[in-house]
Amino acid sequence: MYLDLSWVIVIMSTSLAFSALSPIISARRLNFFASSLPHAALLSIALGYMMSIFLAGDPTLWAVIVSIPLSYLQMYLVHRGVDENTATSVFVAFTTSASVAALYYILTMFPAKVSLWSYILGDPLLASWEDTVNAAVTSIALILLTLAFYEKEVLIGVDRDYAILNGINAKLHDYFVITLLTVASVGLLRVVGFVIEHVVMLLPAAIAATSARNSREVLLISMLSSAFSGFMGLLLAIYLNIAPSAAFGLILFTLYLIFLVIKGEK
């Protein structure tokens, strides 16, 4: 069985980045936002691809630039008093419809320079060394920023009023977290794909919550379980010739069930 080093780097760095953010998503109760992010990411990738053709430049960089205002729009609706479920429904409706329109336009008007299916299904096996370096750098930056502000984000999630009384600008941190999640969602979309991305964002923290005793353990278990699932998923995908992102998600789900059963027996 052939195992390329670039595949390992891409899947491990990506799994660690998403799993570092996963506890923050859970603590800040941003599951609604994380679930809608892949829709915005797919639209951003499509728009970024078109902008790279018309204006030159890297399509992923353009996609990140486009995606951040989209994400801010959803949080702005929530801050304006719109119900989270309603804001998510409106956001998903717009981004899904717009992404289908953008993808159709690309497929009918431009010669395909990259596989758009790789963004939908996810495939680290298609990553070039340039893609590998970009994914690794993006992941390292996300992990470092997450670790630096992890305790503050958990505090805001646990007791927002207490955090504000202690001088933390909660609204600013809202947009900071959204920026991190958006960059992760768009910058690493090609590795895990549109279909599986919300799974690798949400399940690591759910796994950790079944056995962790404090927020630091949640972070540790989240990252370890995701790294294990990502690597084993890669091996399973190569051996069985299935989609790596699917194997990644299925192993995460299996781990969650195992941890849940163990918790129930204690």
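Q: Is L250 buried or exposed, and what is its relative accessibility?

A: First, the general idea: a residue is buried under 20% relative accessible area, exposed over 50%, and partly exposed in between (1.4 Å probe, protein chains only). L250 has 53% relative accessibility, so L250 counts as exposed. This is a predicted model, in which local features need pLDDT of at least 70. Residues are numbered from 1 along each chain as its sequence is written.

Q: Where does L250 lie?

A: Helices are DSSP runs (H or I, at least four residues), numbered from the N terminus. L250 lies in helix α11, residues 244-265. The C-alpha atoms of L250 and S36 are separated by 20 Å, and these residues are 214 apart along the chain.

Q: Which residues form the nonpolar patch on the surface?

A: Patch residues have over 30% relative accessible area and no salt bridge, and nonpolar side chains (Val, Leu, Ile, Met, Phe, Trp, Tyr) are joined within 5 Å. A salt bridge is a side-chain nitrogen of Lys or Arg within 4 Å of a carboxyl oxygen of Asp or Glu. Here L5, W129, V133 and V137 form the patch, with about 410 Å² of accessible area together. Helix α6 (residues 129-158) gives the largest share, three residues. V137 is in helix α6 and is exposed, at a relative accessible area of 52%.

Q: How do the axes of α2 and α4 cross?

A: Axes are lines fitted to C-alpha atoms, for helices over the stretch in contact, and angles run from 0 to 180 degrees between N-to-C directions. The axes of α2 (residues 31-55) and α4 (residues 84-109) come within 8 Å and cross at roughly 25°. Angles under 35 degrees count as roughly parallel, so α2 and α4 are roughly parallel to each other.

Note on methods:
This is a predicted model: local features need pLDDT of at least 70, side-chain atom pairs count only at pLDDT 80 or more; totals for chains, interfaces and linings use all residues. Side-chain values use heavy atoms; hydrogens and water are left out. Patches are made of residues with over 30% relative accessible area and no salt bridge: like charges are joined within 9 Å, nonpolar side chains (Val, Leu, Ile, Met, Phe, Trp, Tyr) within 5 Å. Accessible areas come from the Shrake-Rupley method with a 1.4 Å probe; for residues, only the protein chains shown count as cover. Helices (H or I, at least four residues) and strands (E, at least two) are DSSP runs, numbered from the N terminus. Angles under 35 degrees count as roughly parallel, over 145 as roughly antiparallel, 65 to 115 as roughly perpendicular and the rest as oblique.
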